Amino acid sequence: MLLEDQRFIHEDLERLEQGISDRVLDDPRHIRDRLNRDHQISGFLDRIQQQSKRLLDIYNDTEGLRAKEIQSISTGDPFDEFYKQLNEIKDFHRRYPNEPVENLERAYKRKAPGEGESATAEIDNLFTGEEAYGRFLDLTTLHEDYLNLPGVQSRRITYLQYLNIFDQFTPPHCPIKRPEKSTDQYFSYVGRLADYLEGFLRRTRPLDDLDKIFASFGSDFDRAWQAKEVPGWGEETQAVGPAAPVTEGTGEGTWCPACAKEFKNDNVYKSHLSGKKHVKAAGSRAAQGPISNGSAKSQVHSTSAAKDLKERAIAEREYRIRKLASTMETVRSDTRVNVERKQGMTERERQQELDALFADSVDTSLRPSGADDESDSSGDEKIYNPLKLPLAWDGKPIPYWLYKLHGLGVEFPCEICGNFVYMGRRAFDKHFNEARHIYGLKCLGITNTTLFREITGIEDALKLWDKMTRDKKKEKSGGDNVVQMEDAEGNVMPEKVYYDLQKQGLL
């Protein structure tokens, strides 16, 4: 019964659209609930695509079954066709008496927490505790892999430093040289890092068209690779001087063809012949047999092609990591701030923070939607904050020792920002690059904002700007009004230089 399937799919599409609109109108407070909503909408959109494709196949009717069914209904006795389909339905339910009936009205309807709505257990399994439901990156395992790479083992890079350089693969930030990047260990590392960043982006942005973004990364890399503009993978510069011998050495010592190595001393060469390395190399060389010049060139060509292919794959992963890291710059900066904050906490405080995070997520998921305003007012009344400490991300006051450590009790007013007061030196230093301060300087007619750091007074800023403009004008006018003098030999020079040389008797 294709017509019934067609009607069912149309109803399913309408129910899906209604379910999406109901969830879009909802604005959850907790990030856990927002992610759950976005993933549900993403699943609905995927089902819409599947059902639409199935509906198009029915309308195309390549096998002619739909036209045959319409013809059987429209011609002949309609009651005969009706009873025929009725008997088929009865026969089906007789053979499958416990077959459940799908209720589309309740399938996609958003249920309240008490109506049996499944908890966001899927979201809990998507993220680790360090990621905090997609707010931060969790690169601890990849940081350990990075420390074990060849070329990095001698440098002990902290996790905070790694967060700043994990997308930089060129000197001086990356100590790994180009030949060391061809190892399987490095290839596996960059692959895992790129896969993690892609997976993190898919988990935190389920409604974005990420396949299109990743495809643009690939096309951009292909153009950069053809133009040899990929950072760190340009043309290799050859060393200055005579090329090193490849086959017969310098001719001063004894050459070992099996090991492709030259020995200056005969005794060292003789003792080398009985070594395991030489015996193994000689055995493999004998098994290969004599190699002609043409086969040797083909082997070199195949080896070079395999090397180029591997370098391209590694460069493509590095390029993808750079693009993904630039896309998640906000999450990256938040991760750095979170790591710095956790370094000043004890283990007990970290555990309490983690417990509070899970408790808060459970409370918000079980709380009815109509009780949000009441819970907000009651929650604000319960917070005990006599010292007026700033609130942390969980809505609770930060510890007093952390308040004193960062100097959050010190006020830094800025007249340029409209007498706005910044609490703490860190916020004060950061505000010079923010839009509020830059807009205040532009309102004063100051365009070069980089030279006005640490200046908060309007009068001081105007005085400095007037002095800079006067110096520029004076420098420009001084250069235009220079008097040129010419000596007897025709040499042209400024007037001051001419008189100085004349006084010294050099003209």
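On a 1 Å grid over the protein atoms alone, a cavity is a set of points where a 1.4 Å probe fits but cannot get out, and its lining residues have an atom within 4 Å of a point; grid points are joined across faces, edges and corners, and a volume is the space filled by probe spheres set on the points. The model is predicted, so that local features need pLDDT of at least 70 and side-chain atom pairs count only at pLDDT 80 or more, whereas totals for chains, interfaces and linings use all residues. Residues are numbered from 1 along each chain as its sequence is written, and side-chain values use heavy atoms, with hydrogens and water left out.

By this rule, 2 cavities of 30 Å³ or more are counted. The largest cavity holds about 80 Å³ of space and is lined by 12 residues, of which Ala132, Phe136, Lys342, Glu353 and Trp393 lie nearest its centre. This lining comprises 5 nonpolar (Ala, Val, Leu, Ile, Met, Phe, Trp, Tyr, Cys and Pro), 5 charged (Asp, Glu, Lys and Arg) and 2 polar residues (the others, Gly among them). The second largest cavity, with a volume of about 40 Å³, has Tyr146, Tyr186 and Tyr189 among its lining residues, and its lining has 9 nonpolar, 1 polar and no charged residues.

Tyr146 and Tyr189 also belong to the largest nonpolar core, where, together with Leu139, Tyr162 and Leu193, they touch the most other members of the 42 residues; such a core is a set of buried (under 20% relative accessible area, 1.4 Å probe, protein chains only) Ala, Val, Leu, Ile, Met, Phe, Trp, Tyr and Cys residues joined through side-chain atoms within 4.5 Å.

Notes: Buried means under 20% relative accessible area, exposed over 50%, partly exposed in between (1.4 Å probe, protein chains only). On a 1 Å grid over the protein atoms alone, a cavity is a set of points where a 1.4 Å probe fits but cannot get out, and a pocket is an open set with protein on both sides within 12 Å along at least five of seven lines; lining residues have an atom within 4 Å of a point.
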